[in-house]
Amino acid sequence: MTAATSPAEGSVSVRLGLDGKTGAGKTGADTIGRAEVAARRPRAAAALVGRRAEEAVRLAPLLFSLCGTAQGLAVARACEAALGMDAGGIDAAAQETARRLLTDAEALDSHGWQAVVEWPARLGAPPRPAALRTLRQTVSAVMPALYPAKDGLRPGGGVLRPDAAALRGALDRMNGWLAAEVFAGPPPRDADELARWAGRSASDAARLAARLLNPDLAGWGTGGVPLLSQRAPDWFAAALAGDPSFATRPQYEGGPALTGPLERQAAHPLVVSVTERFGDGLARLFAARLADLAELPRRMEAAIADLRPADPATASGPAPGTGCGVAETARGRLAHWLRLDEAGRIADARMVAPTDWNFAANGPLARGLAGAEVSGRDDAAERARLLVAMLDPCVACGIEVHE
């Protein structure tokens, strides 16, 4: 048995059962006959209950070790909806542009961690966390360049006074980091360029691409799970408010769904080209991550050009109510729903995170593993680790393989 253990709380556990065995006198591959996936994500949203809106927004980034900006922003948007804050006008549009810039920078940091820590591990190479120092210093400069008081996540938005020169300087440094640490040149634009880029082996990302483009792996892990195209806060509000179990067992059109880079970049030329050549599997998921990395700076450049000063919004509703906020993270779509009592304190709080979708019991990981062919226990474990890395849970993952 190959096993990696994880804490009982805040973990994903994967148990694989193999049907058939390879060995002397036997031919063909084993099959993963059973794939049991259980996600145990800490239910930190409960800690928001009893807090006032601004306190909850300050607390949210501290409760979640990853994607703290997106967590705080989703809670802020939920509080704004519950407090009836004005969602229209030029100021609101400018605040949303700045907020998207913040979450895009955070997503770039998260993808960067994967590129220099997780991806080398999948190649048997040492991780390079020191390579993140420059990127993280640059990402941390975005908030004060937008909001001098660093109050961009408060309900209603902060005092937005963008420093375009500082923001463009930060973006130039991010592009330089990507060029040096990930792409070693311009990003590939289609399957042919991806293969040539992989063949040059100029970065860990390129070397991992070479491995995943191997015909034995490129189409492996096909889950056939639909993409979570729903983005509307009202849809998430109805789902979370109507069924408390939705937070742990989310459903989209009656079944599982996939969120994350592939859902965002499904129409990207690189992803389309790789899908046409290799189908749905590891190569497609990796291409989507590369496309996301390439597109984030372009989206940030457009946002910087569209920025303008803005002041916070104020409450306009008759009384506190309920609200839902949605934010994008590197891993996928995040939603927070909450209900305020008459005193303006949070009486109930629920959330659904990307890990809840992608690592559901019948979700993309489980479906991608079940029925897949492998060459024994060690091969099953390593292929499962590759698929886990492409789906990128926000908690540790342990894998066990049994015959």
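In this predicted model, the cover over the buried residues of helix 12 includes helix 7 (191-200), helix 11 and helix 13. Helix 12 spans residues 269-278, and its buried residues are Leu-270, Val-271, Ser-273 and Val-274. Viewed along the helix axis, these residues fall within an arc of 165°, so they line one face of helix 12. The face turned away from that buried side carries two exposed residues, Pro-269 and Glu-276. Just after helix 12 comes Gly-279, with a positive phi of about 80°.

In general, most residues other than glycine have a negative phi. Ser-201, although not a glycine, has a positive phi of about 55°. Ser-201 sits in the loop between helix 7 and helix 8 (204-212), and it is partly exposed, with a relative accessible area of 34%. A second case is Glu-253, where phi is positive and near 50°. Glu-253 belongs to the loop between helix 10 (233-242) and helix 11. With a relative accessibility of 71%, Glu-253 counts as exposed, since the cut-off for that word is over 50%.

A search of the whole structure finds 2 cavities of 30 Å³ or more. The largest cavity has a volume of about 60 Å³. By class, the lining of the largest cavity divides into 6 nonpolar, 3 polar and 2 charged residues.

The second largest cavity holds about 30 Å³ of space. Leu-101, Val-142, Leu-167, Ala-170, Leu-171, Met-174, Met-300 and Ile-304 form its lining. Two or more of these residues come from each of helix 6 (164-183) and helix 13, and helix 6 gives the most, with 4 residues. What classes of residue line the second largest cavity? The lining has 8 nonpolar residues, with no polar and no charged ones.

The largest pocket has a volume of about 870 Å³. It is lined by 42 residues, and the closest to its centre are Leu-73, Arg-77, Glu-96, Arg-100 and Val-326. Two or more lining residues are given by each of helix 2 (68-83), helix 3 (90-122), helix 11, helix 13 and strand 4 (322-329). Helix 3 gives the most to the lining of the largest pocket, with 11 residues. The lining of the largest pocket has 17 nonpolar, 10 polar and 15 charged residues.

The second largest pocket has a volume of about 740 Å³. Among its 32 lining residues, Leu-66, Cys-67, Ser-110, Arg-136 and Arg-331 lie nearest the centre. Helix 2, helix 3, helix 4 (132-140), helix 5 (142-146), helix 16 and strand 8 (396-402) are the elements that give two or more residues to this lining. Here too, helix 3 gives the most, with 9 residues. The classes are 17 nonpolar, 7 polar and 8 charged residues.

A disulfide is a covalent bond between the sulfur atoms of two cysteines. How many disulfides does the model have? The count comes to 0. For Cys-67, the closest cysteine sulfur is in Cys-394, at 7.5 Å, which is too far for a bond, because a disulfide calls for sulfur atoms within 2.5 Å. For Cys-79, which is likewise in no disulfide, the nearest cysteine sulfur is that of Cys-324, 11 Å away. Are these two cysteines, Cys-67 and Cys-79, buried or exposed? Cys-67 is buried, with a relative accessible area of 14%, and Cys-79 counts as buried at 0% relative accessibility, since buried means under 20%.

Definitions and conventions:
Residues numbered from 1 in each chain as written. Predicted model: local features only at pLDDT ≥ 70, side-chain atom pairs only at ≥ 80, totals over all residues. Heavy atoms only, no water. 1 Å grid on protein atoms, 1.4 Å probe; cavity = no way out; pocket = protein on both sides within 12 Å on 5 of 7 lines; lining within 4 Å. Points joined across faces, edges and corners; volume = space filled by probe spheres on them. Nonpolar A, V, L, I, M, F, W, Y, C, P; charged D, E, K, R; others polar. Buried < 20%, exposed > 50% of the residue type's maximum accessible area, 1.4 Å probe, protein only. Arc of directions from axis to C-beta. Contact = heavy atoms within 4.5 Å.
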